[in-house]
Amino acid sequence: MGGSLGTLYAVRAGLAAAMMLALSAVFVQLHVGLLVGLLGYVGSCGLAALLLPLRYAVLTGLTGWALLTGFVVNVGGRLTFASGDLQHLAVLIALSAAVSVSRPAGRRAR
């Protein structure tokens, strides 16, 4: 039953994506605004990045952006690349990457 660390990190990233997808459903039902949605995804991406290596943390930030843009900013999963959307993308990816690489060396995922 031995799995590699890469498999463990992939599972963690998948669970983070599933959590954010569930968060999207809640946000759609509650008709939250952009600020609440952005804060929700910032928190989700930041928490997930604590447990992920850089490449998975960046993918988690990208997932957060896609869900934010598709379900909070727009309707029905429509992705756009307007100026504000690209700023959200930069914030979520930069935050995820910064959290992932800023952990102490002994706790850093490889």
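Histidine 31 sits in the loop between helix H1 (5–30) and H2; helices here are DSSP runs of H or I with at least four residues, strands are E runs of at least two, and both are numbered from the N terminus. This is a predicted model, where local features need pLDDT of at least 70 and side-chain atom pairs count only at pLDDT 80 or more, while totals for chains, interfaces and linings use all residues. Residues are numbered from 1 along each chain as its sequence is written, and side-chain values use heavy atoms, with hydrogens and water left out.

Histidine 31 has a phi near 55°, a positive value in a residue other than glycine. At 70% relative accessibility, histidine 31 counts as exposed (exposed is over 50% relative accessible area, buried is under 20%, partly exposed is in between, with a 1.4 Å probe and protein chains only).

Next come the helix pairs. Axes are lines fitted to C-alpha atoms, for helices over the stretch in contact, and angles run from 0 to 180 degrees between N-to-C directions.

| Pair | Angle | Axis separation |
|---|---|---|
| H2 (residues 34–49) and H3 | about 160° | 9 Å |
| H3 and H4 (residues 83–101) | about 150° | 8 Å |

H2 and H3 are therefore roughly antiparallel to each other, and H3 and H4 are therefore roughly antiparallel too. For the cut-offs, under 35 degrees is roughly parallel, over 145 roughly antiparallel, 65 to 115 roughly perpendicular and the rest oblique.

By class, the contact of H2 with H3 has 11 nonpolar, four polar and no charged residues. Here Ala, Val, Leu, Ile, Met, Phe, Trp, Tyr, Cys and Pro count as nonpolar, Asp, Glu, Lys and Arg as charged, and the others, Gly among them, as polar.

H3 and H4 also cross in a right-handed way. Their contact includes Trp65 and Leu68 of H3, with Asp85 and Leu92 among the partners from H4. The class count for H3 with H4 is 12 nonpolar, six polar and one charged.

What about helix length? The expected span is 1.5 Å times one less than the number of residues. The 16 residues of H2 should span 22 Å, and its end C-alpha atoms are 22 Å apart, which agrees. For H3, 20 residues should give 28 Å, and the end C-alpha atoms are 27 Å apart, which agrees.

Now zoom in on two residues. Threonine 60 lies in helix H3 (residues 54–73) and is buried, with a relative accessible area of 3%. Not counting residues up to four places away in sequence, threonine 60 touches Ala13, Ala16, Met20, Cys45, Ala48 and Leu52. Other buried residues of H3 include Gly61, Trp65 and Leu67.

Alanine 48 is in helix H2 and counts as buried at 11% relative accessibility. Leaving aside neighbours within four places in sequence, alanine 48 is in contact with Ala16 and Thr60.

Definitions and conventions: Contact = heavy atoms within 4.5 Å. Left-handed = near helix turned anticlockwise from the far one by under 90°.
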